[in-house]
Each structure stands twice: as structure tokens, then as C-alpha cells.
Amino acid sequence: MNGIEAPDFSLDGRVALVTGAARGIGWAIVCALVSAGCSVAIQDVDLAEAKKRAREINDAGAAHAIALGGNIQSPALAEKLVAQTVKSLGGLHILVNNGSVQSRQRWTELSVKEFDRTFHANVATPMRLCAAAEPIFRRQRWGRILNIGSIQQRSGNENMLAYAMSKIALANMTIALARDLMSAGITVNMIAPGYFNTLRNPKLHSEAGRRKAGAKIPAGRVGAPRDVAGAALLLCSPAGDYITGQTLFVDGGLSVQ
């Protein structure tokens, strides 16, 4: 095309593992990857829903998908998920750490047990998943790690302190791993969503709730899971080869007010 080279978003022949992927943002990311030709392992604590989603993909015939269960608080889950993905789909090229836990209580009422539970699920398990995937990515000299953060890591929230702190830790891990892995052809990035209409945010399920929240956002509305899809595809595809160590806030401009 007269010397104009289009960006390469194709993921034909690639395999992704996405945690917390049966609903919401995780499912939107799965759909984006599948649309580019990627095969996907859909992990979710709700295995029945994950199996339903995998059937949808397989019935459409565009790519191959499998469903994986397990609770991301389990210490042994990371290695198991990576091994199952490689065995069933023949490899691994993309890891999306989307699954997380969230609790809401004032920081003065936050127990040590709840703090530890949050950090294990939101930081330790993603780190173990990265460690399990890293040798595979290094051997093939190509890999993508995408961590899902939150607007809370920038704004803070006294009623969601453990969650907000865990996402800050995940952002720091993103930078540290990016520095270590780029020379091996592996990028590590983060998407930090703002206010999204998902199961986790019941106040946004009603039209009145969405309207009230949207009034505080420059875009004038809360996010829908599909709003993350394009950014995820960029950061997981060859088009994102030169992007690493970055946090992209997908929040309708909320973080820059």
C-alpha cells in the first residue's frame, strides 16, 4: 500500500491464558484476543460459566478455547494453570492477570486475614503465574504479560484499602518485570480501568447509578467491558512490540481531572 505498513494485530497461532475471564472485563479481553485468531484458556472460579464461554468460542469455530477452574488464592494454582494451558492448547504466548478479589470495609476494620487474602490473590498469584510463564516466553523469544489494575491505585480508597494497595504493588511488579524481560522479547504492561458496569460494582447496575457516576467522568458515562478490548489487543499483539512497563488508564478521563 505505497509503502504504508499497517500495524499487526494478528494473533493467529498464539495461545493466551486469561484469569477471571468468564465475565466482565476478563471476558471482553478474551473476545478481543479470539477476534484476532488467538486460542484461549479461560480461567474462572466459576468453572461452569467458564465452560459455557469456551463452548461459545468453540461453536463459533474462530479459535479454540478451554475452561479452567480454581481459586486464585490457592498457592499451587499458578503452575497448574500454565501446565494445563500448554498441554491442552500446545503452548503459551500471552498471560492476562485479570482475576482478583475485592473487599469493602473501612481501613480501621480491615483484618490481617483479609489483607493477606487480598494480597495473595491480587499480587502473589499473578507473580507466580508470571514466573511459571517466563521460561516458556524466553525460549520462544516472544511473550506478553498484561496485568489488570484499577483507578483505585491512583486515587486510593479508605474503604477498599487492601485492594487499592494490592493494585499499586501489581503496578510496581509490572515495571520491575518489564525491565527484566524486554531483552527476551517479552513485554509487561498494565491496564487500569476506571468505573465499569460489572458484577463487582452493584451501584452501577441501575440507570440512575450509572448516570450519577457518569456525571463525575469527563467522558460522561461509566465504562463497559468492551471499552478495555482495544487496549488489551494492542498490548497483547505484535502491534505493541515497543510498549512495555506502562500503565494505561482506561477510565474516560477520570484520572486526569
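**Exercise 1. Locate R141, describe its phi, and decide whether R141 is buried or exposed.**

Step 1. R141 sits in the loop that joins helix 4 to strand 5. Helices (H or I, at least four residues) and strands (E, at least two) are DSSP runs numbered from the N terminus. The model is predicted: local features need pLDDT of at least 70, side-chain atom pairs count only at pLDDT 80 or more, and totals for chains, interfaces and linings use all residues. Residues are numbered from 1 along each chain as its sequence is written, and side-chain values use heavy atoms, with hydrogens and water left out.

Step 2. The phi of R141 is near 55°, a positive value in a residue other than glycine. Most residues other than glycine have a negative phi.

Step 3. R141 has 51% relative accessibility and therefore counts as exposed. The classes are buried (under 20% relative accessible area), exposed (over 50%) and partly exposed in between, with a 1.4 Å probe and protein chains only.

**Exercise 2. Describe how helix 4 packs on helix 6.**

Step 1. Helix 4 covers residues 112–140 and helix 6 covers residues 161–181; their axes come within 9 Å and cross at roughly 15°. Axes are lines fitted to C-alpha atoms, for helices over the stretch in contact, and angles run from 0 to 180 degrees between N-to-C directions.

Step 2. That angle makes helix 4 roughly parallel to helix 6. The classes are roughly parallel (under 35 degrees), roughly antiparallel (over 145), roughly perpendicular (65 to 115) and oblique for the rest.

Step 3. The crossing of helix 4 and helix 6 is right-handed. A crossing is right-handed if the near helix is turned clockwise from the far one by less than a right angle, and left-handed if anticlockwise.

Step 4. The contact (heavy atoms within 4.5 Å) includes F115, F119 and M127 of helix 4, and Y163, L170 and M173 of helix 6. By class, this contact of helix 4 with helix 6 has 14 nonpolar, three polar and three charged residues. Ala, Val, Leu, Ile, Met, Phe, Trp, Tyr, Cys and Pro count as nonpolar, Asp, Glu, Lys and Arg as charged, and the others, Gly among them, as polar.

**Exercise 3. Do the analysis again for helix 1 and helix 2.**

Step 1. The axes of helix 1 and helix 2 are 12 Å apart, and the angle is about 20°. Helix 1 and helix 2 are therefore roughly parallel to each other.

Step 2. Helix 1 passes helix 2 in a right-handed crossing.

Step 3. From helix 1, W27, V30 and V34 meet R53, E56 and I57 of helix 2. The contact of helix 1 with helix 2 divides into four nonpolar, no polar and two charged residues.

**Exercise 4. Which residues touch the most other members of the largest nonpolar core?**

Step 1. A nonpolar core is a set of buried Ala, Val, Leu, Ile, Met, Phe, Trp, Tyr and Cys residues joined through side-chain atoms within 4.5 Å.

Step 2. The largest core has 36 residues, and V30, L33, I42, V96 and I191 touch the most other members. Among the elements that each supply at least two residues of this core are helix 1 (24–35), strand 2 (39–43) and helix 8 (226–236).

Step 3. A second, separate core has 31 residues, including I66, L129, C130 and A184.

**Exercise 5. Characterise M190 and A192.**

Step 1. M190 is found in strand 6. A192 is found in strand 6 (residues 186–193).

Step 2. M190 counts as buried because its relative accessibility is 0%. A192 counts as buried because its relative accessibility is 0%.

Step 3. Leaving aside neighbours within four places in sequence, M190 is in contact with residues including L146, K167 and L170. Not counting residues up to four places away, A192 touches I151 and F249, among others.
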